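Please look over the sequence and the model shown here before reading on. The briefing is meant for someone meeting this structure for the first time.

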Amino acid sequence: MSDLRNHVAENQYRFSVDGEEVGLADYRVVGDEIHITHTEITPRLRGSGLGAQMVRAVLDSIRDETDYRVVPACGFVRDFLRRNPEYAQLQTRRATAH
């Protein structure tokens, strides 16, 4: 079972599987944008598909919990977005007025 937690004070999502922290995604909020600047999976688990699973969870969280526009500053996230067009709207959406 996987779990994603947003550590807002550290600008970092942390991804766990079966209680073990296995990945992270660093970000920076700039106005109405969230720049995903770095992603990382524990070295021994790289190539297992967990990176894509984590990025999907991060993007789902951003979509469901914020109105930020995603700026993929990390190459892995850029590639994920290219391969998964169902997330394309996250790069073009506009923040709603509160």
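What follows is a short briefing on the overall build, the packing of the helices, the nonpolar core and a few individual residues.

This is a predicted model, in which local features need pLDDT of at least 70 and side-chain atom pairs count only at pLDDT 80 or more, while totals for chains, interfaces and linings use all residues. Residues are numbered from 1 along each chain as its sequence is written, and side-chain values use heavy atoms, with hydrogens and water left out.

**Overall build**

- The protein contains two helices and five strands, where helices (H or I, at least four residues) and strands (E, at least two) are DSSP runs numbered from the N terminus.
- Read from the N terminus on, the order of these elements is β-β-β-β-α-β-α.
- The radius of gyration, taken over C-alpha atoms and compared with a globule rule of 2.2 Å times the number of residues to the power 0.38, is 13 Å, which agrees with the value near 13 Å for a compact globule with 98 residues.
- The C-alpha trace spans about 40 × 30 × 20 Å along its principal axes.
- Buried residues make up 39% of the 98 residues, with buried meaning under 20% relative accessible area, exposed over 50% and partly exposed in between (1.4 Å probe, protein chains only).
- Of the contacts with a separation of 6 or more, 44% are accounted for by residues 24 or more positions apart, a contact being heavy atoms within 4.5 Å.

**How the helices pack**

- Helix 1 (residues 50-65) and helix 2 (residues 75-83) pack at an angle of about 80°, and their axes are 10 Å apart; that makes helix 1 roughly perpendicular to helix 2, a description used for angles of 65 to 115 degrees, with those under 35 counted as roughly parallel, those over 145 as roughly antiparallel and the rest as oblique.
- Here axes are lines fitted to C-alpha atoms, for helices over the stretch in contact, and angles run from 0 to 180 degrees between N-to-C directions.
- On the helix 1 side Gly51, Ala52, Val55, Arg56 and Leu59 take part, and they meet Phe76, Val77, Phe80 and Leu81 of helix 2.
- The residues of this contact divide into seven nonpolar, one polar and one charged.

**The nonpolar core**

- The largest nonpolar core has 23 residues, and those with the most contacts inside it are Ile36, Leu50, Val58, Leu59, Ile62 and Val70; such a core is a set of buried Ala, Val, Leu, Ile, Met, Phe, Trp, Tyr and Cys residues joined through side-chain atoms within 4.5 Å.
- Strand 2 (12-17), strand 3 (20-30), strand 4 (33-41), helix 1 and helix 2 each supply at least two residues of this core, and its largest share, six residues, comes from helix 1.
- Not counting residues up to four places away in sequence, Ile62 touches Tyr13, Ile34, Ile36, Tyr68, Val70 and Arg93.

**Individual residues**

- Gln12 lies in strand 2 and counts as buried at 12% relative accessibility.
- Ser16 also has its place in strand 2, and Ser16 is buried, with a relative accessible area of 14%.
- Arg78 belongs to helix 2 and counts as partly exposed at 38% relative accessibility; leaving out residues up to four places away in sequence, Arg78 touches Pro72 and Ala73.
- Arg93 is found in the segment after helix 2, where, neighbours within four places in sequence aside, Arg93 is in contact with Ile62, Arg63, Thr66, Asp67, Tyr68 and Arg69.

Methods
Nonpolar A, V, L, I, M, F, W, Y, C, P; charged D, E, K, R; others polar.
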